[in-house]
Amino acid sequence: MNTNRLSPAMEKALSDQMNKEIHASHTFLSYGIWADDKGYQGIANFLYRHAQEERNHSIKFMEYVLNRGGKPKVDAIPAPPDDPQSLTECFDNVFKHEVDNTTSIYKLVDRALDEKDWATWNFMQWFVQEQIEEETLAQDLIDKLKIAGGDQASNESLFTLDKALESAPNDVPLAQEATGDNP
Ligand code: FEO
């Protein structure tokens, strides 16, 4: 008896996303190593933690496919992109990577809707929300660097930024959670 509750196309799409999340993890690990090597240990720490979050996302996809009676497939992971040339490029690329991932997440939501696969549609809503957080986090990085002076930032302001990111939370508060008393 076939107990797989996912269509073959959905099983493949979810498995591909599992691999894409691992690629994101490798990318942020690689950027973290670049930052660490440049002496930005706080920024590196932030990127290493982000790499671990991406791995957790991958595991969520893995577990879901298995729970639904499917079998995800681990593929070869493409090499991470080249090292950035500057902190501005690094943070811009983190943002672009997140937007690109949001596009993939939305495609999965579209597919779930087309197939009337409501279990997968429901599962994907966690990722829709997570992508809002991750894009906001990446926007915050870009904003903080701009305030510090961008590529012309002084060593002192970069030192302060680096320190701030070392202990920055992994999550950001979302609009849905805001109130007048706590905007
Ligand atoms: Fe797994 Fe940054 O999205």
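Let me start at one residue: setting aside neighbours within four places in sequence, Asn 101 touches Gln 17, Lys 20, Glu 21 and Gln 131, where contact means heavy atoms within 4.5 Å. Before going on, two notes on the basis. This is a predicted model, in which local features need pLDDT of at least 70 and side-chain atom pairs count only at pLDDT 80 or more, while totals for chains, interfaces and linings use all residues. Residues are numbered from 1 along each chain as its sequence is written, and side-chain values use heavy atoms, with hydrogens and water left out.

Back to Asn 101, which is found in helix α3. Helices here are DSSP runs of H or I with at least four residues, strands are runs of E with at least two, and both are numbered from the N terminus. At 5% relative accessibility, Asn 101 counts as buried; buried means under 20% relative accessible area, exposed means over 50%, and partly exposed lies in between, with a 1.4 Å probe and protein chains only.

From C-alpha to C-alpha, Gln 131 and Thr 102 are 6.0 Å apart in space, and 29 residues apart in sequence.

Now the helices themselves. Helix α3 covers residues 87–115, which is 29 residues, and reaches 42 Å from first C-alpha to last, close to the 42 Å expected at 1.5 Å a residue. The expected span is 1.5 Å times one less than the number of residues. For α4, the count is 31 residues and the reach is 45 Å, close to the 45 Å expected.

What follows α3? Just after that helix, Lys 116 takes a positive phi of about 55 degrees, although Lys 116 is not a glycine. Lys 116 lies in the loop between α3 and α4 and is exposed, with a relative accessible area of 61%. Just after α4, Gly 149 takes a positive phi of about 120 degrees.

Next, α4 against α2. The axes of α2 (residues 41–67) and α4 (residues 118–148) come within 12 Å and cross at roughly 170 degrees. The two helices are therefore roughly antiparallel to each other. By class, their contact has 10 nonpolar, three polar and five charged residues. Among the residues that meet are Phe 46, His 50 and Tyr 64 in α2, and Phe 123, Trp 126 and Leu 141 in α4.

Last, the whole chain. There are five helices and zero strands. The C-alpha atoms fill a box of roughly 65 × 45 × 20 Å along the principal axes. Of the 183 residues, 44% are buried. Among contacts with a separation of 6 or more, 83% come from residues 24 or more positions apart.

Key:
Axes fitted to C-alpha atoms, helices over the stretch in contact; angles between N-to-C directions. Parallel < 35°, antiparallel > 145°, perpendicular 65-115°, else oblique. Nonpolar A, V, L, I, M, F, W, Y, C, P; charged D, E, K, R; others polar.
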